[in-house]
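Welcome! Keep the structure in view as you go.

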Amino acid sequence: PTTKLSLVEDAVKSWRVDPLLVLSVMKQESAFNHEAVSYANAYGLMQIIPPTARELDPRIEVIDLFDPNRNVKLGTRYLQKLLSRYKGNVVAALSAYNAGPSNSERWLREAPQGLPPEEYIELIGFKETREYVQNILRNLYWYNRRIRKENVPSMIALTEAAKR
């Protein structure tokens, strides 16, 4: 689905993040349901938890996380912050978005250096996070094919394309 693309394109104006990456995260996080609530008390389209939301905007209230515009802007800002933290490593940023930065950093430390993304993903220590990253990258692949008409030939090319 692309019904939220205009919402995403508006959010990425402030935070330099590939709109298709944001759309792919949103699809995985909430299946585009702005009223989604997870078992971990994450809210809205981008499934933001209140502590993360308050770190990004101290004035935010839980009810604000159900507002699609605010939620997507916060989620995009957080994703950009993670991409910066991991120097553009999309896989590490996505694993941190799901399992937290401390877990993502541990997996980076434990992995052999220079692994291709598809091999690194297999070393992610939580099955849920491993599948989460795989699903977002699958979403991103298909959004690139559908919207940009690009046939991305490899996982490396896909993660590099997401750095636009």
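**Exercise 1.** Sort the residues that line the second largest pocket of this predicted model into nonpolar, polar and charged.

*Solution.* 
- Start with the classes: the lining divides into 10 nonpolar, 5 polar and 2 charged residues.
- Next, take the volume of the second largest pocket, which is about 350 Å³.
- Then look towards the centre of this pocket: among its 17 lining residues, Asn89, Leu108, Leu115, Pro117 and Tyr120 are the closest to that point.
- Now find the elements involved: H5, helix H7 (117-122) and helix H9 (155-161) each give two or more residues to the lining of the second largest pocket.
- Finally, pick out the main contributor to this lining, which is H9, with 3 residues.

**Exercise 2.** Describe the largest pocket by its volume, its lining and the helices that supply the lining.

*Solution.* 
- The volume comes to about 460 Å³ for the largest pocket.
- A total of 22 residues line the largest pocket, and Glu29, Ala42, Gln47, Tyr97 and Asn98 are the closest to its centre.
- Three helices, H2 (19-30), H5 (90-99) and H8 (127-147), each supply at least two residues of this lining.
- H8 has the largest share of the lining, with 5 residues.
- Sorted by class, the lining of the largest pocket holds 11 nonpolar, 8 polar and 3 charged residues.

**Exercise 3.** How do H5 and helix H6 (residues 101-110) pack: at what angle, and how far apart are their axes?

*Solution.* 
- Two packed helices are described by the angle between their axes and by the distance between those axes.
- For H5 and H6, the angle is about 140° and the axes lie 7 Å apart.
- Angles over 145 degrees would count as roughly antiparallel, and 65 to 115 as roughly perpendicular, so H5 and H6 are oblique to each other.
- Their crossing is right-handed.
- On the H5 side the contact involves Ala92, Ser95, Ala96 and Ala99, while H6 brings Pro101, Asn103, Ser104, Trp107 and Leu108.
- By class, the contact of H5 with H6 has 6 nonpolar and 3 polar residues, with no charged ones.

**Exercise 4.** Work out whether helix H4 (residues 68-85) and H5 are roughly parallel, roughly antiparallel, roughly perpendicular or oblique.

*Solution.* 
- H4 and H5 pack at about 130°, with 8 Å between their axes.
- The pair is therefore oblique.
- The crossing of H4 and H5 is right-handed.
- H4 takes part through Gly75, Tyr78, Leu79, Leu82 and Leu83, and H5 through Val90, Ala93, Leu94, Ala96 and Tyr97.
- This contact of H4 with H5 has 9 nonpolar residues, 1 polar residue and no charged ones.

**Exercise 5.** Which residues of H2 meet which residues of H5?

*Solution.* 
- Begin with the geometry: the axes of H2 and H5 come within 13 Å and cross at roughly 35°.
- Then list the partners: Leu21, Val25 and Glu29 in H2 meet Val90, Leu94 and Tyr97 in H5.
- Sort them by class to finish: the contact of H2 with H5 has 5 nonpolar residues, no polar residues and 1 charged residue.

Definitions and conventions: Residues are numbered from 1 along each chain as its sequence is written. This is a predicted model: local features need pLDDT of at least 70, side-chain atom pairs count only at pLDDT 80 or more; totals for chains, interfaces and linings use all residues. Side-chain values use heavy atoms; hydrogens and water are left out. On a 1 Å grid over the protein atoms alone, a cavity is a set of points where a 1.4 Å probe fits but cannot get out, and a pocket is an open set with protein on both sides within 12 Å along at least five of seven lines; lining residues have an atom within 4 Å of a point. Grid points are joined across faces, edges and corners, and a volume is the space filled by probe spheres set on the points. Helices (H or I, at least four residues) and strands (E, at least two) are DSSP runs, numbered from the N terminus. Ala, Val, Leu, Ile, Met, Phe, Trp, Tyr, Cys and Pro count as nonpolar, Asp, Glu, Lys and Arg as charged, and the others, Gly among them, as polar. Axes are lines fitted to C-alpha atoms, for helices over the stretch in contact, and angles run from 0 to 180 degrees between N-to-C directions. Angles under 35 degrees count as roughly parallel, over 145 as roughly antiparallel, 65 to 115 as roughly perpendicular and the rest as oblique. A crossing is left-handed if the near helix is turned anticlockwise from the far one by less than a right angle, and right-handed if clockwise. Contact means heavy atoms within 4.5 Å.
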